[in-house]
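Subject: Structure handover and notes

Hello,

Here is the structure for your files. My notes come after it.

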Amino acid sequence: MKKVIFLFLFLQVSNGFAQRPNGGRGNQNGGQRSTGQERPKFEAAKVAGLIEYSSKKVLKKVKLKKNDSIVEKVIKSIETYNSEISKIKSKNKDLFEGLEIVVNQNMEAIMKNRNRELMQETRKMIEEKLNPIRNEVKTLQDNLDGSMEAVLTEEQNTKWLDYKTSELEKLQPKRRGNDARNRPDDMNGRSGRRRG
């Protein structure tokens, strides 16, 4: 599911870049943009789904007070998760930096030349490099969700999942407009639309 979401987002972002404002006029100098809109830079850690949670915010979102008996368990779960995410970031720092340089350069070339072949090669490279990391992060997310579900009430757990989803959505590239039809399903495979 993550692959589909990522490919959808990458295609949407790429498609947005290919549609130059003002019919492509006013952009003779490759380094200058014709409008104030900047193309979002590719950030490998975000695309890989690396996110750390604030235990303070989580406690507030699930409405736990400091003297609640499960607070320590919730904080420990979040700290354990954050620690593992930090390790992944450190271990893959060079990969992320190199990938960002290559992908951002390729995106400039793709925009300039409308090179679909380069776009496909770039997408494939991103998938190959980041999928193992995404799988690792998914396992950590599942473990965190399991430990939260074990201690939280159903209502609190729903609030946790909603908060987590909103934080993961912040990792997605910013899109022009706020059209709900353009929003993909969330990272957990739950659809944003309810079916009755």
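Below is what was found, starting with the overall fold and moving on to single residues.

This is a predicted model. The protein chain contains seven helices and zero strands, so that its pattern along the sequence reads α-α-α-α-α-α-α, with helices defined as DSSP runs. Of its 196 residues, 35% are buried. Among contacts between residues at least 6 apart in sequence, 74% join residues at least 24 apart.

Core

The largest nonpolar core has 36 residues, and within it Tyr53 and Trp160 touch the most other members. At least two core residues come from each of H3, helix H4 (71-91), helix H5 (93-113), H6 and helix H7 (154-169). H6 contributes the most, nine residues. As a general point, nonpolar side chains in soluble globular proteins tend to be buried together.

Aspartate 145

Aspartate 145 sits in helix H6 (residues 116-151). It has a relative accessible area of 15% and is therefore buried, the cut-off being under 20%. Its side chain is joined to that of tryptophan 160 by a polar contact of 3.0 Å. Beyond four places in sequence, aspartate 145 touches Asn157, Trp160, Leu161 and Lys164.

H4 against H6

These two helices pack with their axes 9 Å apart, at an angle of about 175°. Angles over 145 degrees count as roughly antiparallel, so H4 and H6 are roughly antiparallel to each other. On the H4 side the contact is made by Lys73, Val74, Ser77, Ile78, Tyr81, Glu84, Ile85, Ile88 and Lys91. On the H6 side it is made by Ile133, Glu136, Val137, Leu140, Gln141, Leu144, Ser147, Met148 and Val151. By class, the contact has 11 nonpolar, three polar and four charged residues.

Serine 77 of helix H4 is one of the residues in this contact. At 16% relative accessibility it counts as buried. Apart from neighbours within four places in sequence, serine 77 is in contact with Leu144, Ser147 and Met148.

Glycine 49

Glycine 49 belongs to the loop between helix H2 (44-47) and helix H3 (55-61). Its relative accessible area is 3%, so it is buried. Not counting residues up to four places away in sequence, glycine 49 touches Val137, Leu168 and Leu171.

Backbone points to check

Which residues other than glycine have a positive phi? Lysine 63 has one of about 60°, and arginine 114 has one near 55°. Most residues other than glycine have a negative phi. Lysine 63 is in the loop between H3 and H4, and arginine 114 is in the loop between H5 and H6. What is their exposure, buried or exposed? Lysine 63 has a relative accessibility of 59% and so counts as exposed. Arginine 114, at 52%, also counts as exposed.

Regards

Key
Residues numbered from 1 in each chain as written. Predicted model: local features only at pLDDT ≥ 70, side-chain atom pairs only at ≥ 80, totals over all residues. Heavy atoms only, no water. Helix = DSSP H or I, 4+ residues; strand = E, 2+ residues; numbered from the N terminus. Buried < 20%, exposed > 50% of the residue type's maximum accessible area, 1.4 Å probe, protein only. Contact = heavy atoms within 4.5 Å. Polar contact = N/O pair within 3.5 Å; in protein donor to acceptor, adjacent residues only side chain to side chain. Core = buried A, V, L, I, M, F, W, Y, C linked by side-chain atoms within 4.5 Å. Axes fitted to C-alpha atoms, helices over the stretch in contact; angles between N-to-C directions. Parallel < 35°, antiparallel > 145°, perpendicular 65-115°, else oblique. Nonpolar A, V, L, I, M, F, W, Y, C, P; charged D, E, K, R; others polar.
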